Every structure is written in C-alpha cells, then in structure tokens.
Amino acid sequence: MNSKMTNRIALSVIIACAAAMAAILVSMLGYILVQGVSSISWHFLTTSASPFLAGGGIKDQLWNSFYVLVITMLLTVPIGVCGGIYLAEYAKPGRLTSFIRTCVEVLASLPSIVVGMFGMLVFVNYFGFKYSVFSGALALTVFNLPVIVRVTEDGFHALSRHQKEGGLALGLTHWHTIKTILLPAAFPSILTGIILSAGRVFGESAALLFTAGLSTPDLDFGNWNPASPNSPLNLFRSAETLSVHIWSVNTGGIMPDVQTIANGSAAVLVICVLLFNLFARMLGKVINQKFSGK
Amino acid sequence: MKIGKMVTDAAPASSSRSKLINEKGFFSRLTDRTSESRGKLLIYGSALLMIVAVTAITLFLTVQGLRSFVVDRLNFWTFITGTEWFPDRAENPSFGAFPFIFGSMAVTFLAALIATPIAIGTAIFMAEIAKKWGAKIMQPVIEILVGIPSVVYGLIGLSIIVPFMRQHFGGTGFNLITGAIVVGIMILPTVASIAADSIRAVPDSLRQASYAIGATKWQTIWRVVIPAAGSSLLTAIILGMSRAFGEALAVQMVIGNVGKIPTSILDPSATLTTIITLSMGHTTTGSLLNDALWSLGLILLLISYVFIVIIRFIGKRGEKR
C-alpha cells in the first residue's frame with residue numbers, strides 16, 4: 001500500500017469520526033427539542049408539579065433553578081473575581097501561589113457528587129441550614145468558584161501591560177489601578193465567562209441532590225416576604241431544581257405522564273442553557289466591536 | 001503639672017506628624033475605598049477561601065469516611081475487596097464495596113474507549129483538515145454541547161439507548177455498556193474541544209517542515225502533529241475519564257443499579273456514585289450504612305485525587321520535553 005492510498009484512507013476515517021460526532025450530537029439535540037417542545041405549553045410552565053396525577057407542570061422547579069442560580073452567582077462572582085485578581089496580579093511565584101493554583105485545579109475537577117456530599121455534611125447538617133436554597137447555593141459556589149477564578153485570571157492576562165503601567169505611573173496604588181483601570185477593561189471577557197458558567201450551574205444536579213433537596217413546599221407566588229415559609233424568596237426552604245426534577249421524576253415518579261414531563265423539562269433546560277450560550281456569545285461580539293471600533 | 005502639660009502638648013503634635021507620615025490610621029485604612037490595604041485584604045481573603053474550601057472538603061470527607069472503620073469497626077480490607085453488598089440483611093449485614101469500585105472503573109474505561117477515537121478524530125478534523133469549517137461551526141457547537149447538563153444525557157440514554165439495547169441484546173436494557181455509552185457521549189465534546197486546542201498549539205513550522213520533505217497530510221498528522229501534541233492529548237483523554245468517573249445521575253438512570261460484579265458488559269451493574277445517590281437520601285446520619293456510604297465517598301475523592309495527580313504528572317513531563 002503506498003503512502004497516497006494510506007493518506008486517503010486515514011483522512012476518510014477522520015472525516016467519518018467527525019461526521020459520527022456531528023451526527024450523534026445533532027440527533028441528540030434534535031431528539032430532545034422535537035420530543036420536548038411539543039410538551040411545552042403555557043400550562044406546563046405555569047402549573048405546579050403534581051405528585052400523582054397527570055398534567056403537572058414545572059413552575060416551582062423553574063423558579064427554583066433561577067433563584068438558586070442568582071444566589072450562587074451573588075456568592076461566587078465577588079469571591080471568584082477577587083481570587084482571579086490575586087492569581088493574576090498579586091501572586092508572587094512561590095509555594096503559596098502554586099498551592100492555591102493546585103487548590104483551584106482540585107476544586108475544578110472534583111466530582112460534583114463529592115461537592116454535594118460535602119455540602120450535606122457541612123451546610124445541611126453541621127450549620128443546620130437543612131435542605132435549602134442557601135445550602136444548595138453554597139455547594140454550587142464551591143463547584144463554580146474555580147471557573148470564575150480562571151475566567152478572571154485569563155481576562156487580566158489578556159490586557160496590555162501599558163494600561164497597568166499607566167495607572168501606576170500616575171501614582172495610583174496597585175489596588176486602585178486594578179479597581180479603576182484593569183477591572184473595567186477586563187470586564188467584558190469576565191462577564192462572558194460568568195454567563196457561560198451560569199449555564200453550567202443551571203444544569204447541575206448531583207451537587208444539589210443532597211443540599212437543596214428533592215421537594216418544594218407549596219409556593220405562594222403572591223407572598224414575597226422572604227421570611228415566610230412558603231414564599232418563593234425564602235432562602236431556607238427546600239428547593240427542587242429543574243434538573244433534579246428530571247432525575248427524580250425518572251427514577252421515582254409515579255404520575256402517568258412521566259415521559260412527557262421529563263421530555264418537556266429537559267427541553268426547557270436545554271433551551272435555557274442554549275440561550276445562556278448565545279447571549280454570552282452575542283455580548284462578547286457586541287462588546288468586542290465596540291472596543292475595536294470595527 | 002508642668003510635665004503633664006508638656007505631655008498633653010506633645011501628644012497632638014506627634015500624632016499629627018505621624019498622620020503626615022502614615023497618612024491614615026489602621027481603621028481608616030480599611031474603610032477608605034481606594035486604600036491598598038483594604039483591597040489586599042479582600043483579594044488575599046478570597047484566595048485563602050480557595051485553600052479553606054479544598055482543605056475542608058478533604059478533611060471532612062476523610063473524617064466522616066473513616067468512621068465506618070474506626071467507630072463501626074468494619075475491616076478496611078474486607079470493605080475494599082468484599083463482593084457482597086447486603087447492608088439491610090437482618091443478621092450479619094455485609095459491606096463489600098468492590099462491585100462499585102469495579103463498576104466505576106469499568107464504566108470509566110469503556111467510556112474512554114468509546115469516546116477517544118471519535119473525539120480525537122473530530123479534533124484532528126477541526127484543527128488540521130477543515131480549519132475554517134472547524135473553527136466557524138464545529139467549535140462553537142462543541143462548546144455549547146459541553147454545557148448541556150448531564151441529566152439530559154441520562155434522559156436520552158433512558159429514552160433511546162435503553163430501548164435499543166433491550167430490542168437488540170435482550171434483557172432489560174439497563175446494563176454496564178449502556179451506562180458507558182451514555183457517559184462516553186457525554187465526555188465526547190469535552191475531550192474533542194481540549195484535544196483540538198492542543199493540536200492547534202503545535203507550531204506551524206513543524207508541519208511546513210514535514211510537507212517540505214514530501215510527507216502526505218496523514219504522515220504529517222501521524223508522525224509529526226500527534227507526537228508533538230502527545231502529552232496534552234493524553235491530558236484531554238484523562239480529563240474526560242475523570243469526568244466520566246465522577247458522573248452520578250446520568251449513569252444512575254441507565255446502569256440498572258445491581259450491586260454485583262457484572263460477568264459481561266450486558267449485565268446490570270452499579271458504580272460508587274450511583275450507590276451513593278440512591279442510598280444516601282434514606283439513611284440516618286450515624287447509622288452503619290450511612291457511614292459505609294461516606295467511606296465510598298472517600299474512595300471516590302481519593303480516586304479523583306489520583307486523576308489530578310496523573311494529569312499534573314503528564315503536564316509536567318510535557319513541559320520538560
């Protein structure tokens with residue numbers, strides 16, 4: 001067999017691999033969307049889930065998913081951005097820095113169920129937050145921190161040195177330079193990363209199983225007092241999110257329309273994640289155009 | 001009296017001088033919005049929190065995971081190698097975790113076996129053969145797919161792959177290979193995207209040199225590009241494996257959850273993550289089963305650390321070369 005023949009065969013195999021990949025992924029997404037979209041209706045989105053009867057919706061789960069996401073982001077973004085600034089600006093090469101880098105790496109690659117178990121042990125039992133929105137958000141914070149740290153560090157590294165030197169030359173302190181010059185300049189790329197990570201948090205389930213719980217109290221959407229037990233804003237009530245709902249319906253659901261509910265929820269979940277992605281991409285493009293003036 | 005007056009006279013003068021030198025006291029250093037100290041406190045605090053998180057996770061899981069050996073006096077060796085998991089048996093309950101460890105390993109390796117060729121092939125396609133097409137269409141699509149939640153993959157396995165397996169291979173359709181296929185598909189985009197990045201990082205001069213001496217495209221890829229990207233390609237695969245190893249819910253939905261060592265890939269099986277997901281919810285804290293589950297969690301954590309160490313090792317070796 002001559003080399004040209006080998007070349008041709010090998011390249012076709014590679015193209016076949018890529019085609020297989022594309023086929024798998026496209027058919028998968030297509031299946032979820034086609035199967036699911038037909039079961040999404042206004043009724044499905046605005047009714048509470050019913051434990052036994054057909055016709056239950058996902059109103060509470062959808063709300064919980066967004067609520068946990070918002071709380072997680074409120075906790076993660078400040079800590080993560082500050083951690084990223086440390087690694088990008090303050091870290092001097094040495095043992096401590098490499099240790100912190102290792103910690104970020106370890107946090108990023110821990111299985112999410114381990115994070116969930118830790119959350120159960122510490123937030124749910126030890127601090128006594130019970131299965132609650134807050135416990136779930138704390139667990140997801142552990143899970144999401146390394147992503148934000150990395151995004152921030154990359155954002156800072158991508159800036160030109162002149163901006164920092166300009167600030168320091170004007171006599172500003174290092175921190176003031178970071179706050180008023182570097183952070184605003186790095187903001188677009190950090191924001192894009194944050195939105196992308198929001199999609200990941202939105203779909204996370206294993207970490208929430210033991211921290212946010214598998215049930216939701218009857219939520220009263222007319223009651224916005226965060227202290228009352230059935231208020232949607234209450235931080236210390238259990239909260240089943242959309243992705244946990246998909247799992248629990250499939251493993252233990254006894255309503256007759258399990259398949260419809262699961263498909264509809266999955267479609268809603270996937271559409272939300274897609275929207276996060278598209279939004280982040282569009283934002284990145286718009287900001288990039290604004291800055292480069294093209 | 002005179003001395004006292006001198007002291008009171010001297011005090012404001014010295015304090016105003018110290019103000020000129022130091023500019024601000026300790027308190028206002030922390031309240032001033034632009035002060036360096038306040039910023040540093042914030043930054044160093046956040047960095048410290050990262051260390052605290054990792055230490056706390058390791059420490060708490062270790063302490064809780066060792067309870068079954070220290071408090072409940074299970075034998076560590078029989079726990080690891082035992083093959084009988086009957087925690088609910090009234091007399092002589094037995095805790096053998098080997099089926100779960102084996103199941104996790106089997107799912108991980110089978111998933112890697114399924115995902116690697118397709119993912120690496122796709123990466124080569126994107127980075128070498130159809131660069132424009134790859135960067136414009138494949139890359140964004142794959143990046144979006146990385147973000148698809150794992151439960152969705154589980155649901156797809158449940159509604160497509162399980163019925164398919166049932167029809168063509170008999171049984172219930174819930175088995176080891178179904179779990180491996182679901183996880184394999186799940187890690188495809190991750191592996192492909194990292195692998196493509198590492199292939200793109202190979203400098204073009206190597207390729208040009210290869211073409212210049214008359215090599216074909218495939219010879220260039222096989223003899224030059226892949227060896228040059230070698231260690232980062234391996235990192236991509238191992239990262240995918242560590243993700244497959246830690247995946248819980250998607251596997252749990254399709255693997256069948258039988259705590260026995262499977263005799264073939266068509267047998268239902270269970271993994272460390274699936275048994276924890278299934279049983280943790282309905283055990284009471286401090287019971288023997290609960291402690292045993294925490295020990296399984298500890299094993300999970302330790303094996304994740306092994307993956308991290310392997311990735312670091314490969315990365316270091318790649319840097320040296």
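You will find A:Lys130 in the loop between helix 5 (112-126) and helix 6 of chain A. Helices here are DSSP runs (H or I, at least four residues), numbered from the N terminus. Although A:Lys130 is not a glycine, its phi is positive, at about 60 degrees. Most residues other than glycine have a negative phi.

B:Asn257 is not a glycine, yet has a positive phi of about 55 degrees. B:Asn257 sits in the loop between helix 11 (249-254) and helix 12 (272-280) of chain B. B:Asn257 counts as buried because 21 other C-beta atoms lie within 10 Å.

Before going further, a word on the model. This is a predicted model, in which local features need pLDDT of at least 70 and side-chain atom pairs count only at pLDDT 80 or more, while totals for chains, interfaces and linings use all residues. Residues are numbered from 1 along each chain as its sequence is written, and chains are lettered from A and ligands numbered from 1 in the order in which they are written.

How confident is the predictor? The complex receives an ipTM of 0.88 and a pTM of 0.86. Chain A has an average pLDDT (the predictor's confidence in each residue, from 0 to 100) of 87, and 99% of its residues score at least 70. Within chain A, confidence is lowest in helix 2 (residues 42-46), at a mean of 82, and highest in helix 6 (residues 133-157), at 92. For chain B the mean pLDDT is 83, with 88% of residues at 70 or more. Residues 1-22 of chain B have a pLDDT below 50, and this stretch has zero contacts in the model beyond near neighbours in sequence. A contact means that the C-beta atoms of two residues, placed from the backbone, lie within 7 Å.

Now look where the chains meet. Chain A brings 70 residues to the contact and chain B brings 63. On the side of chain A that touches chain B, helix 1 (residues 3-37) of chain A gives the most, with 18 residues. That side of chain A divides into 48 nonpolar, 17 polar and five charged residues. Here Ala, Val, Leu, Ile, Met, Phe, Trp, Tyr, Cys and Pro count as nonpolar, Asp, Glu, Lys and Arg as charged, and the others, Gly among them, as polar.

One helix pair bridges the two chains. The axes of helix 10 (residues 242-252) of chain A and helix 7 (residues 150-169) of chain B come within 9 Å and cross at roughly 30 degrees. Axes are lines fitted to C-alpha atoms, for helices over the stretch in contact, and angles run from 0 to 180 degrees between N-to-C directions. The two helices are therefore roughly parallel, a term for angles under 35 degrees. In this contact, A:Ser243, A:Ile246, A:Trp247 and A:Asn250 meet B:Val151, B:Leu155 and B:Leu158.

Definitions and conventions:
Parallel < 35°, antiparallel > 145°, perpendicular 65-115°, else oblique. Buried ≥ 20, exposed ≤ 12 C-beta atoms within 10 Å, placed from the backbone.
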